[in-house]
Amino acid sequence: AGVWSETVLYSFNGAPSGADGGSACGTSGQPACDGGAPAGNVALNNATGVLYGTTTLGGDPTGCPLGGYEEGCGVVFQLTPTTPPWTESLLYTFAGPPHDGMLPSYNLVFASTGGTLFGTTLTGGSSADTCFPASYTGCGMVYVLRPPTPPSTTWTKTTLAIFNGDNGGGPNGVILSPGGGLLYGTTYVGGTSGGYGTIFQVTF
């Protein structure tokens, strides 16, 4: 067998806040604010070759409310094929609790019908601290990102489910049913049988 070769398609900049004495992203001479620490899969649009994914951190150098992350609560990104490096754009930047998610990761799903993206955030979604009281606020959520309708260029995020502990906490991503209309996934903690996690279904 021949030797495989690696090509770096994109390197993330993160979203440094300047709190450590450096310069904040997006300021004069600094790269634009970006995601950081990708931990999940990438989803492929077979028709265009575009890749979609998430980073658990980054996006907003003002930090993540109640989360303690100086570089932000995470982003959903798009990579468009060009001569490397590929062209990256941020589709959504999470704001964190109490109303938005934080730490998006795992099993982002692209639905070719409608071009929508489905995913989860490990925490956030509310101000409850029942799932990760020593570390994070909120038990996580399931969301959908819908592509823009021209002439708009803004993707629209809608929250489909918010976890509260009893129904699970710390969702690990979703899969889409073959016929559409249903999402399935698991949660890391929560549930009513000792708090060891749940399997869930979301109808949309």
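Visitor: What pattern does the chain follow, read along the sequence?

Guide: In this predicted model, the chain reads β-β-β-β-β-β-β-β-β-β-β-β-β-β along its sequence. Its count is 14 strands and zero helices.

Visitor: Why is the chain called as compact as a globular protein of that length?

Guide: The globule rule gives 17 Å for 204 residues, and the radius of gyration of the chain is 17 Å, close to that value, so the chain is as compact as a globular protein of that length. Along the principal axes, the C-alpha atoms fill a box of roughly 50 × 50 × 45 Å.

Visitor: What makes a residue count as buried, and how many of the 204 residues do so?

Guide: A residue is buried when its relative accessible area is under 20%. By that cut-off, 44% of the 204 residues count as buried. The accessible surface of the chain comes to about 10,200 Å², and carbon and sulfur atoms account for 55% of that surface.

Visitor: Why are strands β13 and β14 said to pair?

Guide: Pairing requires at least two bridges between two strands. Five bridges join β13 (residues 182–189) to β14, so the two strands meet the definition of a pair. They run antiparallel, and Thr186 stands opposite Ile199 in β14.

Visitor: Which residues form the covered face of strand β14, and which the uncovered one?

Guide: In β14 (residues 199–203), Phe200 and Val202 form the covered face. The uncovered face holds Ile199, Gln201 and Thr203.

Key
Residues are numbered from 1 along each chain as its sequence is written. This is a predicted model: local features need pLDDT of at least 70, side-chain atom pairs count only at pLDDT 80 or more; totals for chains, interfaces and linings use all residues. Side-chain values use heavy atoms; hydrogens and water are left out. Buried means under 20% relative accessible area, exposed over 50%, partly exposed in between (1.4 Å probe, protein chains only). Helices (H or I, at least four residues) and strands (E, at least two) are DSSP runs, numbered from the N terminus. The radius of gyration is taken over C-alpha atoms; the globule rule is 2.2 Å times the number of residues to the power 0.38. Accessible areas come from the Shrake-Rupley method with a 1.4 Å probe; for residues, only the protein chains shown count as cover.
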